[in-house]
Amino acid sequence: MVSINRLVLALVVVAVASAVLLAELNGITAPKIKASQTAYKLKAVKKVLPPYDNQPAADRRVIPVPGGGPAEAKVEIDEELGKEGVVVYPAYHEGKLVGEAYSVISHQGFGGDIEILLGVSPEGRVTGVEIITHAETPGLGAKIVSEASWKGKAELVGRSLSESLVVKKDGGEIDTIAGATISPRAVCGAVKAGLEAYNQVLKGKLPATPPAAATPTTTAAVQGAHS
Amino acid sequence: MKLSEVFTQGLWKENPTLRMMLGMCPVLGVSTSGSDAFGMGMATLAVLVSSNVVVSLVKDYIPAQVRIPAYILVIATLVTAVDMAMAAWFFELHKTLGLFIPLIVVNCIILGRAEGFAAKNTVFASIIDGLGMGIGFTLAITTLGCCRELLGNGSIFGVSLVGADFKPMLLMVLPPGAFLMLGFLAAAMRRVDMTLEARTRAAAAVRRKRALDLATGGGTVPLPPGFE
């Protein structure tokens, strides 16, 4: 019979070794994961916005929303800008605001929350939808991520609150995925909530002309000097 | 047991998925498409080989009474490590598969091999066993995933293989399809084995007859006394 101390010691050693290993690995991977997530989001920003000639990431604004904000617009803390609110990525084309992109979260997903990035034109029309994070069933609900497997994603583009933002199964016009109605329904709901949030709090909060318009050459020169 | 046998038994004779029916949770959950199944297979392979290595290294220092919690801790640590490494270096793959990586902890193939093989064998043999079992698991789950994807979605690895008028058998990508297809595959595997067995038996019978024919000069075999 091995003494109880020996048993405890063995488990403690294994546990401590595991904790140290994971802490070390987390130190190595955490910045990389963060960078990948940011890069992924910026790629999505590019996809949902109409053609632009500014830098949406650099020009992003944090719109503070009193009382936690409306329904489902994602309120987050932008560490770099040091502000809390909805992070909005603007698109300017030839000196005019043509669209804004921001995250909306749906709590109606099948496997958990779905975060979408919604692109909206100044008239309140959808310019694009991208799925940022989701936990839907692979092969079924997870099909919402691409137009190839879910036509509805493209059908949402160009719509405003006055048009149907409801899936066919609920009497609307948006295509669903066979065997997985819940996921498309959740995305449609998020788009609707996102557009409502736009009308209620976000509309008109961004400058109508690019903020860096006065000094574009300076920025370019600084960048040139760095590279 | 020879090392080559250690390797090949995981592929066919003791295939963890289709023979031992172990680790059904990821097998049934992540086999809706070929690529997801393959990713799951590779992640499991990585965890299986490394957990076999660690367990065979520490086996002499862990008292028998606490070996199961100690092994589970080792496996959970390795799974978390794979999860973080995947998120850092294979971000796109992690986006589709991330949800299922933590499930590897409860895949009983891992604990099964740690307890059943690595705890009794050398490090090198344990690596070979992990590779054999892991590849066997990957092949089985990928085959299952491809079959389900083809019938339920008309594609393999996301490449559509059928015309527009193909009516997909939706059941196959839904949970019941996993059980059905798993049964079909296990049956098919058994069928192959039976055919092979029958063939070896027939070949052995022919050989025996030829030997007897030679011994008796081609005539009829004289029955032993008492059997006339």
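Q: Does B:C108 count as buried, exposed or partly exposed, and why?
A: In this predicted model, B:C108 counts as partly exposed because 14 C-beta neighbours lie inside 10 Å, a number that falls between the 12 or fewer of an exposed residue and the 20 or more of a buried one.

Q: Where in chain B is B:C108 found?
A: B:C108 sits in helix α6 of chain B, the element that spans residues 108–118.

Q: And what is B:C108 in contact with, leaving aside its neighbours within four places in sequence?
A: With those neighbours set aside, B:C108 is in contact with B:L22 and B:G23. As for B:M21, that residue is 87 residues from B:C108 along the chain, and the C-alpha atoms of the two are separated by 9.9 Å.

Q: Staying with α6(B), how do the axes of α3 and α6 of chain B cross?
A: The axis of helix α3 of chain B, which covers residues 34–58, and the axis of helix α6 of chain B come within 9 Å and cross at roughly 35°, and the crossing of α3(B) past α6(B) is right-handed.

Q: Which residues meet there?
A: On the α3(B) side they are B:V47, B:L48, B:S51, B:N52, B:V55 and B:S56, and from α6(B) come B:I109, B:I110, B:R113, B:A114 and B:A118. Sorted by class, this contact of α3(B) with α6(B) has seven nonpolar residues, along with three polar and one charged.

Q: Zooming out, what is the order of elements in chain B?
A: Chain B has eight helices and two strands, and from the N terminus on the elements run α-α-α-α-α-α-α-β-β-α.

Q: What radius of gyration does chain B have, next to a compact globule of 228 residues?
A: Chain B has a radius of gyration of 23 Å, whereas a compact globule of 228 residues would have one near 17 Å. Taken along the principal axes, the C-alpha atoms of chain B fill a box of roughly 75 × 60 × 25 Å.

Q: How many residues of the two chains are in contact with each other?
A: There are 24 residues of chain A in contact with 26 residues of chain B, and the side of chain A that touches chain B divides into 16 nonpolar, six polar and two charged residues.

Q: Take A:L140 then: what is this residue in contact with, apart from neighbours within four places in sequence?
A: Apart from those neighbours, A:L140 is in contact with A:I177, A:G179 and A:A180 and, in chain B, with B:T32 and B:V173.

Q: Buried or exposed, and where does A:L140 lie?
A: A:L140 counts as buried because 25 C-beta neighbours lie inside 10 Å, and A:L140 lies in the loop between β6 (126–133) and α2 (152–155) of chain A. The C-alpha atoms of A:L140 and A:S183 are separated by 8.8 Å, with the two residues 43 apart along the chain.

How values were computed. Residues are numbered from 1 along each chain as its sequence is written. Chains are lettered from A and ligands numbered from 1 in the order in which they are written. This is a predicted model: local features need pLDDT of at least 70, side-chain atom pairs count only at pLDDT 80 or more; totals for chains, interfaces and linings use all residues. Two residues are in contact if their C-beta atoms, placed from the backbone, lie within 7 Å. Ala, Val, Leu, Ile, Met, Phe, Trp, Tyr, Cys and Pro count as nonpolar, Asp, Glu, Lys and Arg as charged, and the others, Gly among them, as polar. Axes are lines fitted to C-alpha atoms, for helices over the stretch in contact, and angles run from 0 to 180 degrees between N-to-C directions. Helices (H or I, at least four residues) and strands (E, at least two) are DSSP runs, numbered from the N terminus. A crossing is left-handed if the near helix is turned anticlockwise from the far one by less than a right angle, and right-handed if clockwise. The radius of gyration is taken over C-alpha atoms; the globule rule is 2.2 Å times the number of residues to the power 0.38.
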